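Let us take a short tour of one protein model. Keep the sequence and the 3D view side by side as you read.

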Amino acid sequence: MEPKFIPLSVPNFCGNEKEYVNDAVVSEWVSTGGSKVPEFEKAIAEYVGAAGAVACNSGTSGLHLAMLAAGVGPGDEVIAPTLTFIAAVNPIRYAGAQPIFIGCGDSLCICPTLVREYLEANAEMRDGRCINKRTGAHIKAMVVVHVFGNMASMPGLLEIAKKYNLIVIEDATEALGTYYTDGPFKGKYAGTMGDIGVYSFNGNKIITTGAGGMVVSNNPEYLAHMKHLSTQAKSDELNYKHDEVGYNYRLTNVQAAMGLAQLEQLEGFIEHKNRMYDFYFQRLNGKGHYGIMPFREGVRSNKWFYSLYVYDEHPLKRDEIIRRLAERKIQTRPIWGLIQDQADYPRNESYGTDLARHYLDRIVNLPCSTSLTEEDAQRVVDVLLELSQG
Ligand SMILES: *Cc1c(COP(=O)(O)O)cnc(C)c1O
């Protein structure tokens with residue numbers, strides 16, 4: 001018998017999705033008007049403890065809105081991680097600015113020590129602005145990505161941001177539900193500690209609206225500006241007056257309906273993700289030339305993606321492991337290529353990226369759907385241990 005296909009990460013609609021989406025269709029509010037969008041905005045803001053939220057049609061558009069609200073523009077520079085999904089960085093370019101790439105720590109998130117080293121060596125403060133001594137550009141902001149749901153080291157990063165007067169944009173697209181349980185930010189959710197936070201509801205994220213996103217902030221001016229920009233920057237409802245170049249970045253009422261149903265299940269999804277992470281960890285960490293990458297202590301992580309670390313002693317190369325797993329109907333994937341190697345980013349400055357390159361060659365993301373059963377996960381474990389025999 002053919003073994004069952006085990007996908008990497010698929011959505012899970014076992015709650016009120018059909019009912020709420022049907023309500024939206026029956027009400028005929030299927031586009032960007034209707035009650036579900038503001039309801040979903042309020043529900044997300046309350047869940048993460050932010051003053052407000054603005055829905056948008058993707059995490060990528062949310063990051064673009066965040067850049068614009070932060071005032072990032074042509075000629076500016078922005079500190080960004082090199083080990084991430086490219087959508088965390090491209091919005092810097094949409095705004096006309098340039099990224100400076102910084103490496104990661106063992107959390108896979110941008111490393112505060114490396115950011116500090118880079119700025120100490122290359123930047124100076126002039127009239128309260130952080131200036132890149134080489135290019136003369138204003139380094140205006142920093143993008144922090146909470147990689148795979150793991151919390152970036154916010155105390156260190158925010159201290160640097162304060163010292164250099166950088167606006168902090170948290171790409172929390174992978175980290176909805178991750179929060180500190182200890183330390184100076186105890187109780188704070190990923191996405192709510194910087195100036196603006198961004199979530200994604202793409203199909204592979206922990207909750208999904210098919211496609212969609214949300215920006216949150218405690219700053220009412222940022223929130224109002226992002227709402228304005230996402231709705232064509234219309235300044236007069238009746239007479240079609242527009243006071244700047246806006247976008248159609250709105251979420252639809254149908255998507256928001258789905259989001260509300262998904263949000264009801266989020267805590268259950270996170271519990272499941274945590275349980276299956278422990279399952280893999282117990283069976284693979286330190287066995288068969290594998291490790292399971294840890295999540296930060298003092299944090300309740302959503303454990304969105306699990307990272308298998310392949311030691312150099314393993315008889316098979318990482319890509320060969322992924323190929324053999326695929327042959328056995330198990331879908332996995334490598335971590336992203338470094339952004340500094342993509343598109344025309346090799347021209348940009350980068351600093352301290354050796355560890356990112358190390359992980360880039362050695363990590364495999366394991367199946368992590370919220371519908372993953374112990375039986376399926378055991379088959380993943382068995383095949384992996386078999387492969388470590390060569
Ligand atoms: C998914 C993701 C995004 C983009 O979200 P979309 O909703 O797919 O546009 C941005 N950054 C990171 C790190 C992501 O994983």
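## Strand β3 and its partners

Ile102 stands opposite Tyr351 in β17. Two bridges join strand β3 to β17 (residues 350-351), and these strands run parallel. Strands pair if DSSP finds at least two bridges between them. Strands are DSSP runs (E, at least two residues), helices are runs of H or I (at least four), and both are numbered from the N terminus.

Strand β2 (residues 77-81) is joined to β3 by five bridges, again in parallel. Here Val78 has Pro99 as its bridge partner in β3. Four of the five residues of β3 (98-102) are buried, so the rest of the structure largely encloses this strand. Buried means under 20% relative accessible area, exposed over 50%, and partly exposed in between (1.4 Å probe, protein chains only).

## About the model

This is a predicted model: local features need pLDDT of at least 70, side-chain atom pairs count only at pLDDT 80 or more, and totals for chains, interfaces and linings use all residues. Residues are numbered from 1 along each chain as its sequence is written, and side-chain values use heavy atoms, leaving out hydrogens and water.

## Helix α1

Which residues of helix α1 are buried? In this helix (residues 17-27), they are Glu17, Tyr20 and Ala24. They lie on the same side of α1, because they cover an arc of only 85° around the axis. That arc is taken from the directions from the helix axis to the C-beta atoms. The face turned away from the buried side carries exposed Lys18 and Val26.

The buried residues of α1 pack against α2 (36-48) and α8 (253-284). Contact means heavy atoms within 4.5 Å.
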